[in-house]
Amino acid sequence: MSKRDALIGSIAFFFVAPFMVAGVIPWLITHWQVGGDGSLTLTIIGALMAIAGLAALVDCFVRFALQGGGTPAPIAPTQELVVSGLYRYVRNPMYLAVLLLIFGQMLIFANAGLLAYGVAVALTVHFFVLGYEEPTMKKSFPEAYALYSENVGRWLPRLSPWRG
């Protein structure tokens, strides 16, 4: 897949998956109305979480296209195992970024519904990673993924970058 096609595919998938999961559905839950219990401090923390999540998500999508030669979509996966950038710290930064966006909005809008939704998304993603993604990675990149997964945690980031 050319870099151009990988970028186009990644942009399209961005609007199919994370935009819906971390944007449209939270909007449907909150209508972006601040709840009565919202505090300025929590709003600021939530905004910082959302900004960090969006920046991380964009970085991961671009990295998949330019370095991996593919997209985050299972139908057009990368040709190379991506282990740079945030992937040097944690194996699933894309999912963590989506969760940062959801939980950041939960704080911004002081909405318990987003807490429940975020937990449901986290559990769904965890079981998807265990049931589909990791077995697929082991099959697609047997030696590289084995070494990578031995050194980089699934959900808890390393304090220093892995230099595999």
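Ala110 lies in the loop between H4 and H5, where helices (H or I, at least four residues) and strands (E, at least two) are DSSP runs numbered from the N terminus. The phi of Ala110 is near 45°, a positive value in a residue other than glycine. Ala110 is partly exposed, with a relative accessible area of 32%; buried means under 20%, exposed over 50%, and partly exposed in between (1.4 Å probe, protein chains only). This is a predicted model, in which local features need pLDDT of at least 70, side-chain atom pairs count only at pLDDT 80 or more, and totals for chains, interfaces and linings use all residues. Residues are numbered from 1 along each chain as its sequence is written, and side-chain values use heavy atoms, with hydrogens and water left out.

His31 is placed in the loop between H2 and H3. Its phi is near 50°, again a positive value in a residue other than glycine. His31 counts as partly exposed, at 43% relative accessibility. Most residues other than glycine have a negative phi.

## Ile25

Ile25 belongs to helix H2 (residues 18-30) and is partly exposed, with a relative accessible area of 30%. Not counting residues up to four places away in sequence, Ile25 touches Met20 and Tyr117 (contact means heavy atoms within 4.5 Å). Ile25 and Ile102 are 77 residues apart in sequence, and their C-alpha atoms are 9.4 Å apart in space.

## Largest pocket

The largest pocket has a volume of about 840 Å³. Of the 35 residues that line it, the closest to its centre are Pro72, Met94, Tyr95, Phe128 and Glu133. Two or more lining residues come from each of H2, helix H3 (40-66), helix H4 (93-109), helix H5 (112-140) and helix H6 (142-151). H5 gives the most, with 10 residues.

On a 1 Å grid over the protein atoms alone, a pocket is an open set of points where a 1.4 Å probe fits, with protein on both sides within 12 Å along at least five of seven lines; lining residues have an atom within 4 Å of a point. Grid points are joined across faces, edges and corners, and a volume is the space filled by probe spheres set on the points. The lining divides into 25 nonpolar, six polar and four charged residues (Ala, Val, Leu, Ile, Met, Phe, Trp, Tyr, Cys and Pro count as nonpolar, Asp, Glu, Lys and Arg as charged, the others, Gly among them, as polar).

## Second largest pocket

The second largest pocket holds about 240 Å³ of space. Residues lining it include Phe14, Trp32, Leu54 and Phe109. H2 provides the largest share of this lining, four residues. The lining comprises 10 nonpolar, two polar and no charged residues.
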